[in-house]
Amino acid sequence: MANKTQPHDLNPRDFLATVEPARRREDGMVLLDLFQRVTGYQPTMWGPSIIGYGRYHYRYQSGREGDFLATGFSPRKANLSIYIMPGYQDYAEILGRLGKHKLGKSCLYVNKLADIDLEVLAELIRSGLQDLDRIWPVQPA
């Protein structure tokens, strides 16, 4: 069974231009450039609203396998969802310096970028990508 979230050709800047409210759109543009600077990868749309950087191929013991974005974000209505795989179990020290956020399984939720330290976020992206690459090699999208 393939992942529902697949890459496609929509330009991420074009997608961000449609995001409302304006503050979410502006924060998305900042993240677009930050992720590209930190990862060195070009942004790719995954599904209708996720901007991803890099990809990896996974194969679980169950036999399920597929490809997924290595890291990225989505400017959702409720918050900015930041995807840093493989999760946050080892990032307590960095997260303690980040600023106001909430955690999901492998997702970080931020209301607005003004609530966090962007250089700490850059450190978190870098660490998450390195940790993921040790498990499943990360490649450009």
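Alanine 78 is exposed, with a relative accessible area of 61%. This residue sits in the loop that joins β4 (65-75) to β5 (80-84) of a model that is predicted. Once its neighbours within four places in sequence are set aside, alanine 78 is in contact with Arg24 and Asn111.

Is glycine 52 buried or exposed? At 0% relative accessibility, glycine 52 counts as buried, because buried means under 20%. The residue belongs to strand β3 (residues 50-59). Not counting residues up to four places away in sequence, glycine 52 touches Gln42, Pro43, Thr44, Trp46, Leu69, Thr71 and Gly72. Phenylalanine 35 is 17 residues from glycine 52 along the chain, and the C-alpha atoms of the two are separated by 8.8 Å.

Another glycine, glycine 40, is found in the loop between α2 and β2 (43-46). With a relative accessible area of 58%, glycine 40 is exposed. From glycine 40 to isoleucine 94 the separation is 54 residues in sequence and 21 Å in space, taken from C-alpha to C-alpha.

The loop between α1 and α2 holds proline 21. The peptide bond leading from glutamate 20 into proline 21 is cis, and its omega is near 0°.

The helices come next. Two packed helices are described by the angle between their axes and the distance between the axes. Here, helix α2 (residues 22-39) packs with helix α4 (residues 118-135) at an angle of about 50°, and the two axes are 10 Å apart. Angles from 65 to 115 degrees would count as roughly perpendicular and those under 35 degrees as roughly parallel; α2 and α4 are therefore oblique to each other. The crossing in which α2 passes α4 is right-handed.

Which residues of α2 meet α4? On the α2 side they are Val30, Leu31, Leu34, Phe35, Arg37, Val38 and Thr39, and their partners in α4 are Leu118, Glu119, Leu121, Ala122, Ile125, Arg126 and Leu129. Sorted by class, this contact of α2 with α4 has ten nonpolar residues, one polar residue and three charged residues.

Side chains of opposite charge can pair when their charged atoms come close. How many salt bridges does the structure hold? There are eight salt bridges in the structure. One of them joins aspartate 33 to arginine 13, with 2.7 Å between the closest N and O atoms. Aspartate 33 lies in helix α2 and arginine 13 in helix α1 (residues 12-17), so this pair ties together parts that are 20 residues apart in sequence. Both partners have values between the two cut-offs: aspartate 33, at 40% relative accessibility, counts as partly exposed, and arginine 13 counts as partly exposed at 41%.

A further salt bridge brings together the side chains of aspartate 115 and lysine 112, at 3.1 Å from N to O. Aspartate 115 is buried, its relative accessible area being 18%, whereas lysine 112 counts as partly exposed at 27% relative accessibility.

Arginine 134 counts as exposed, at 62% relative accessibility. Salt bridges can also be joined to one another, and in this model Glu93, Arg97 and Glu123 are linked in a network of them.

Note on methods. Residues numbered from 1 in each chain as written. Predicted model: local features only at pLDDT ≥ 70, side-chain atom pairs only at ≥ 80, totals over all residues. Heavy atoms only, no water. Axes fitted to C-alpha atoms, helices over the stretch in contact; angles between N-to-C directions. Helix = DSSP H or I, 4+ residues; strand = E, 2+ residues; numbered from the N terminus. Parallel < 35°, antiparallel > 145°, perpendicular 65-115°, else oblique. Left-handed = near helix turned anticlockwise from the far one by under 90°. Contact = heavy atoms within 4.5 Å. Nonpolar A, V, L, I, M, F, W, Y, C, P; charged D, E, K, R; others polar. Salt bridge = Lys/Arg side-chain N within 4 Å of Asp/Glu carboxyl O. Buried < 20%, exposed > 50% of the residue type's maximum accessible area, 1.4 Å probe, protein only.
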